[in-house]
Amino acid sequence: MVRSAQASLDYYTKQFGPYPHRQLRFVTHASYAFGHHAAPMNITAEEGFFLLNPKADERGFDLVTAVVAHEVAHQWWGNQLKQAYVEGAGLITESLAWYSALGVLEHKYGPEHLQALLRFLREENKTPRTRAAKPLLQADDFYQNYRKGPFALYALSQYIGWDRVNGALRKLLAQHRPGTRPFATSLDLYRELQAATPDSLHPLLHDLFEANTFWELETESATTQQLKGGTWQVTLNLQASKLVVDSAGTETKLPMKDWVEIGVFAPAAAGKEVGKQLYLQKHLIRSGQQTLLLMVPERPAQVGLDPRQLLIDGKLQDKYKAVQSKN
């Protein structure tokens, strides 16, 4: 907990500005539960959290570090930057706090550790739920505030860069200093993200925040053959579509012309889901069926269409497909 608090203070100070207090305290109170509350300078936690043993955790990441990073982030989001109590208020507090904690996890442990945390956070996607919802800018429930909001911010950071997103958050904080009015709303956040996002990616920004958008992405087949010189050619047959769902559950198909990550991976070691990354690039994917040819330096075993799940998939299917060899 101490190491996470120190790493978080260091990261957030560099990214978002100085910590405004001379102390940071964690205070425990009796309970077998794990809940927290972050007031200025004081973070209270139920006793069950202090009894966790990170070394016995089989999730593949350090839950204690992640939760502490989230709570320390509230010293910026919710305490310095005060939210207006309107639709989308949770984006200013919980979504920004979890997004910031993702940055700490990647900075402290690396991308692989961060992906393990993201897989844990996405487990709630597997729970059957209606796709009907308000757009994220009007977020008003746990899933949108604690899961979909951080996912959207993280996805944007992987398209435009951590620096651009964090720079937008610094500007938002500078324009809404503690003790001043008006309080920040999700629309204020969105305006800063719009200013930081290149015009070519404004459609993605719209899909992530202004609409309740789902992508349906499927690798129908993947084959490979070795070429002269030792390189491997991978042929992918893909199927893609995009739709929006309104709060009443009405689904509307949209024409798709979006940048989607495609990854190619070597055979996985024992106990691993995928092997060494051989290729990871964004490709412009359109609605319907299409075929792509990729070149990799080693024999591939799996391909992934949006392997890091940056885009919300309506079918929640396995992102990886085994590659069949032609020779």
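Author: Helices and strands here are DSSP runs, numbered from the N terminus: a helix is H or I over at least four residues, and a strand is E over at least two. On that basis, Pro182 has its place in the loop between α7 (162-175) and α8. The model is predicted, so local features need pLDDT of at least 70 and side-chain atom pairs count only at pLDDT 80 or more, while totals for chains, interfaces and linings use all residues. Residues are numbered from 1 along each chain as its sequence is written, and side-chain values use heavy atoms, with hydrogens and water left out.

Reader: What do you know about the peptide bond from Arg181 to Pro182?

Author: That bond has an omega near 0°, and it is cis.

Reader: How many helices and strands does the protein chain have, and what makes it as compact as a globular protein of that length?

Author: The chain has nine helices and twelve strands. Its radius of gyration, taken over C-alpha atoms, is 21 Å, close to the 20 Å from the globule rule for 327 residues (2.2 Å times the number of residues to the power 0.38), so the chain is as compact as a globular protein of that length. Along the principal axes, the C-alpha atoms fill a box of roughly 65 × 45 × 35 Å.

Reader: What share of the residues is buried, and why is Glu216 called that?

Author: Buried residues make up 50% of the 327 residues. The label means under 20% relative accessible area, with exposed over 50% and partly exposed in between (1.4 Å probe, protein chains only). Glu216 has 15%, so it counts as buried.

Reader: How do you know that Asp10 and Lys14 form a salt bridge?

Author: A salt bridge needs a side-chain nitrogen of Lys or Arg within 4 Å of a carboxyl oxygen of Asp or Glu. The closest N and O atoms of Asp10 and Lys14 are 3.4 Å apart, and the pair qualifies. The two residues are four apart in helix α1 (residues 2-16), so about one helical turn separates them. Asp10 comes out as partly exposed at 35%, and Lys14 as exposed at 60%.

Reader: How many salt bridges does the rule give, and what makes Arg131 and Glu216 one of them?

Author: The count comes to 13. For Arg131 and Glu216 the closest N and O atoms are 3.7 Å apart, and they form a salt bridge. That pair links distant parts of the chain: Arg131 is in the loop between α5 (111-121) and α6 (142-160), and Glu216 is in strand β4 (residues 213-226), 85 residues apart. Arg131 has 23% relative accessibility, so it counts as partly exposed.

Reader: How do you know that Glu261 pairs with Lys282?

Author: Their closest N and O atoms lie 3.5 Å apart, which meets the salt bridge rule. Glu261 sits in strand β7 (residues 257-265) and Lys282 in strand β8 (residues 277-286), 21 residues apart, and the pair links distant parts of the chain. At 3%, Glu261 counts as buried, whereas Lys282, at 28%, counts as partly exposed.

Reader: Which residues does Gln15 contact beyond its neighbours within four places in sequence?

Author: Gln15 is in contact with Asn166 and Arg170 (contact means heavy atoms within 4.5 Å). Gln15 belongs to helix α1, and its 17% relative accessible area makes it buried.

Reader: What does Val27 touch, not counting residues up to four places away in sequence?

Author: Val27 touches Ile43, Thr44, Ala45 and Phe50. This residue is in strand β1 (residues 25-29) and, at 37%, is partly exposed.
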